[in-house]
Amino acid sequence: MSSTIRWPSIFRSLYWKIFFFFWLTLIAAIFSVATLSEIIVQERDQDQYQKVVKLGIKAADIFETKGSAELTEWLYYIHLEFDVTGFMLDAQRRPISLAHLPKNWLEFTLPLTQHRLSERNLKGFQPYSISSSSNRIYTFVALRENSGPYPTWLKHLPILQIVTALLIVALLTAFVTWHITGPLRKLKQATDAFARGHLNTRLHNVAFRKNDEIGEVGLAFNHMAERISLLVSNQQRLFRDISHELRTPLARQQIALELLARKLPDTEHQSLNRIEREIERMNALIDQVLTLLRLEQSDQSPTTETYDLSELLLNLTQDAQFETQSKHQVHLEQPEKNQLTGQPELVSRAVENILRNAIRYTPDDGRVFLRVTADAKSVVIQIEDEGEGVPEDSLKHLFEPFYRVEACRNQQSGGYGVGMAIAEQAIRAQSGSIQASNRATSGLRVIITLPKTPTQH
Amino acid sequence: MTTRILLIEDDQELNELLCEFLALENFHVDQAFDGEQGLNMALNGQYDVLVLDIMMPKMNGLDLLKQFRTAHKTPVLMLTARSDEVDRIVGFEMGADDYLPKPCNPREISARIRAILRRVEMDRSVMEASGSRQIITREDVELNHNTRIVSKQGEALDLTSTEFNLLASLLAKAGQVLSKEELTEKALGRKLALYDRSVDMHMSNLRRKLGPFLSNEPRIKTIRGVGYQYVIND
């Protein structure tokens with residue numbers, strides 16, 4: 001993991017990492033289980049050895065105090081009671097008891113070699129050097145088998161082996177999974193943020209992993225993000241420059257037209273008025289495009305203020321109603337006071353655009369509703385009209401600039417233009433959300449959700 | 001006597017066209033084509049109204065306005081890029097009297113100029129009219145129509161002429177609610193337009209300069225959906 005370790009290049013690839021990892025896990029599991037078994041067997045041998053030596057000392061003591069016959073008796077006894085079969089030799093290696101003498105007992109009369117004493121794992125009769133309580137040396141030769149009784153705690157040996165193996169596999173797997181999924185999760189978060197429009201999102205700390213596949217994906221993401229944001233900003237700049245450049249001739253044209261109007265007779269004024277209206281329309285469109293671009297680009301943290309949403313919406317409703325000279329009433333339902341922190345101009349612009357659309361698409365006998373509800377954290381603004389609504393498959397495109405709903409909507413009304421896109425950007429800039437749906441009866445419903453204090457991203 | 005206007009606009013062709021148009025409207029127009037030239041002409045000439053573009057080479061409109069306002073009270077109509085709220089707010093703080101988004105209908109420009117002139121005339125007639133209204137005092141605030149100076153606790157406040165007019169209107173009818181329409185007509189000399197937030201912006205500047213009462217209660221209250229009110233503090 002550490003950047004200071006220079007792994008051979010083959011180990012840097014994720015493919016080989018996973019490949020070797022599985023081998024490592026397998027080997028570690030097998031090795032640890034084998035080691036565990038080995039330790040347990042030695043433990044048992046140790047036990048056995050101690051037991052035999054203890055019985056040998058006892059036998060030597062019995063021989064010294066009670067003589068050969070009693071010793072023979074004792075050896076038979078321990079054979080029955082402790083399952084230890086053995087015979088005794090004295091210091092000169094002559095047998096001193098009659099019990100259990102094997103055919104090859106003469107072998108044990110030879111001096112004990114270091115080799116024989118240390119070979120604990122040998123089977124068959126094995127000599128044990130014994131010193132009695134009176135410090136005389138004897139040799140106790142006992143039959144040795146490898147299948148002695150286990151200590152009680154070893155009864156669960158198979159379970160212990162399984163648990164050990166599982167634990168090792170679990171630990172190593174957790175490590176490798178974390179190693180792989182950690183960066184993938186980061187990549188996902190970055191991609192999500194990018195998709196939400198944070199075009200300056202980049203993955204950091206990919207450098208030290210640049211030689212494995214995940215690191216390559218990270219670098220590829222950064223390159224892609226760089227390229228896309230460059231394309232987007234170029235496009236936006238082009239858009240902005242065109243808009244600005246269009247304005248200058250429009251401004252001159254407007255004045256030239258006015259000068260012309262003074263020179264022409266009144267009979268020509270109808271056409272001039274028409275031209276003037278079209279210039280106004282172009283101006284308005286350029287404004288909207290520029291507004292949208294500014295909202296899309298505004299990455300710098302905005303200056304927020306605390307304002308009363310209820311007051312803002314009341315003024316807005318009155319203005320909108322006055323402007324459209326509409327017969328239909330805008331029904332406003334909202335709390336008496338509604339303090340919010342954010343950018344009132346943006347909220348005002350968003351609601352204004354949606355409200356204008358709602359009024360425009362509602363027939364003269366229809367109504368427009370503006371309802372506001374608030375809880376501790378957020379405010380929900382709901383704008384409903386009694387127009388024809390929007391085809392379901394067009395709903396998700398409603399907030400795209402210049403999107404026109406194909407069917408039913410009046411062609412002369414000019415579509416949604418940039419207004420809805422501006423509304424969406426304005427609300428998103430304050431960490432809010434905006435959704436459009438059709439009402440159960442006819443009409444469009446737009447729901448804006450705004451946090452009471454916008455989170456800084 | 002014809003009205004003298006100084007038109008400060010860097011776009012040569014637009015400047016010429018506007019000049020021709022305003023001449024047809026019976027104004028006498030002098031032209032300046034950048035900020036420095038504009039400031040020099042404004043400081044040295046006798047003009048009734050300045051029409052000022054913001055985006056200009058050498059010295060932008062806001063800097064020009066700032067320097068000009070240190071010595072002169074000549075009304076200024078500011079031309080801002082459309083939809084640029086920030087320029088507008090800063091412009092009002094610098095002491096612009098009104099603004100117009102550019103491009104706009106030239107008839108609107110002449111209408112605004114006339115509105116400003118009407119208001120200046122109104123100020124003058126008020127000043128020359130009844131002596132009893134020359135000084136209005138309410139609690140710690142004193143408003144003098146002769147000198148057009150407002151002082152709070154004996155200290156003069158630095159108000160623009162629009163802010164002065166707003167406060168004068170509010171103080172004259174303290175305790176009553178004045179509508180936005182009324183305030184627009186009195187302080188800006190024109191009718192309230194749609195989505196017209198000029199009065200609100202001037203009002204927020206005025207509030208900031210005036211500060212609250214000692215009790216921390218606001219002096220000027222917003223009456224939602226109606227207008228503004230200068231509170232009588234008992």
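The second largest cavity in this predicted model holds about 60 Å³ of space. A cavity here is a set of points on a 1 Å grid over the protein atoms alone where a 1.4 Å probe fits but cannot get out, and its volume is the space filled by probe spheres set on the points.

Two notes on reading the model. Residues are numbered from 1 along each chain as its sequence is written, and chains are lettered from A in the order in which they are written. Local features need pLDDT of at least 70, side-chain atom pairs count only at pLDDT 80 or more, totals for chains, interfaces and linings use all residues, and side-chain values use heavy atoms, with hydrogens and water left out.

Which residues line this cavity? Among them are A:Ala251, A:Ile255, B:Leu14, B:Leu18 and B:Lys102, lining residues being those with an atom within 4 Å of a point. By class, the lining has 8 nonpolar, no polar and 1 charged residues.

Now the interface. Contact, meaning heavy atoms within 4.5 Å, joins 34 residues of chain A to 25 residues of chain B. The two chains bury about 2700 Å² between them, 53% of it on carbon and sulfur atoms. Buried area is the accessible area (1.4 Å probe) lost on putting two parts together, summed over both. A:Arg252, A:Ile255 and A:Leu259 supply 23% of what chain A buries against chain B, more than any other three residues.

Next, charges. There are 6 salt bridges across this interface, each a side-chain nitrogen of Lys or Arg within 4 Å of a carboxyl oxygen of Asp or Glu. One of them pairs A:Arg262 with B:Glu25, with the closest N and O atoms 2.5 Å apart.

Technical notes:
1 Å grid on protein atoms, 1.4 Å probe; cavity = no way out; pocket = protein on both sides within 12 Å on 5 of 7 lines; lining within 4 Å. Nonpolar A, V, L, I, M, F, W, Y, C, P; charged D, E, K, R; others polar.
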